[in-house]
Amino acid sequence: MRRDLRLHVAGEDGFCHRYLRNMDGSFAEVGTALDRRGLRALKVESVISEAPIVIEGRAFTTGVVPGTSIEHVLPNSWVEYGVLDGLDCDTNAYLIHHFAADELAGKSEPDQHGHEHAICFHLGDRGLVVISSCGHAGIINTLRRAQEVARVNKIYALVGGFHLAPAPDDHLRQVMAELKKFDIEHMFPMHCSGQNFIDLAKQEMPEKLVLCATGSTFTFTT
């Protein structure tokens, strides 16, 4: 790997352990938490920022996405805060200290996904390309945050996961109605966006919908 490789992590949350709660109340870990020591051993520099940040002079992140729309975090993973043997996420390292007593005690709590930022590009007069991760904080919230950070209202393309697969129908239709207000030119729903969202988008905005598959490649120009 190149010697100056950087890993941009959207805040201390990126190092937390995450779990799914089983029907019997037990927890099973989701994936593997980022390992600070392993990264240092590979000479990979971690760039941690809860606030918006410019990357390589080209892209920018939204920073933590606040809840400003009708959306709420749909039930998903649980998170555990605290440091064990020098690893995991340190509550003292947070820019925005928002922890309840149970969180500070190391108990698993429903994840609010503060670590999920979007990466954005400004394409001049065309507007913004907003690339979400899984969109747990809400895709409308994410778009509004991108507009606020960039001070640009026009959204040219929305790419990534919208986390609407588990959304009930009434919530899905509310989100679709809000999405239509942005007048996005191209929309690329991926992974957790859900077939339910894709089916509704085919009805509501078929001319904007771009279906993606593993290996799809898209080029955006100014």
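Biologist: Which residues does arginine 6 touch, not counting residues up to four places away in sequence?

Modeller: In this predicted model, arginine 6 touches Val44, Glu45 and Val47. Contact here means heavy atoms within 4.5 Å. Arginine 6 itself sits in strand β1, residues 6-9.

Biologist: What makes the link between the side chains of arginine 6 and glutamate 45 a polar contact?

Modeller: The distance is 3.4 Å. The cut-off is a pair of N or O atoms within 3.5 Å, one able to donate a hydrogen and the other to accept it. The pair therefore counts as a polar contact.

Biologist: Why is arginine 6 called partly exposed?

Modeller: Its relative accessible area is 47%. Buried means under 20% and exposed means over 50%. The value for arginine 6 lies in between, so the residue is partly exposed.

Biologist: What makes isoleucine 119 partly exposed, and where is this residue?

Modeller: Isoleucine 119 has 37% relative accessibility.

Biologist: How do you know that the buried residues of α5 line one face of the helix?

Modeller: The buried residues of α5 (195-204) are Phe197, Ile198, Leu200 and Ala201. Seen down the axis, they fall within an arc of 165°, so they line one face. They pack against α4 (169-180) and β14 (186-190).

Notes:
Residues numbered from 1 in each chain as written. Predicted model: local features only at pLDDT ≥ 70, side-chain atom pairs only at ≥ 80, totals over all residues. Heavy atoms only, no water. Helix = DSSP H or I, 4+ residues; strand = E, 2+ residues; numbered from the N terminus. Buried < 20%, exposed > 50% of the residue type's maximum accessible area, 1.4 Å probe, protein only. Arc of directions from axis to C-beta.
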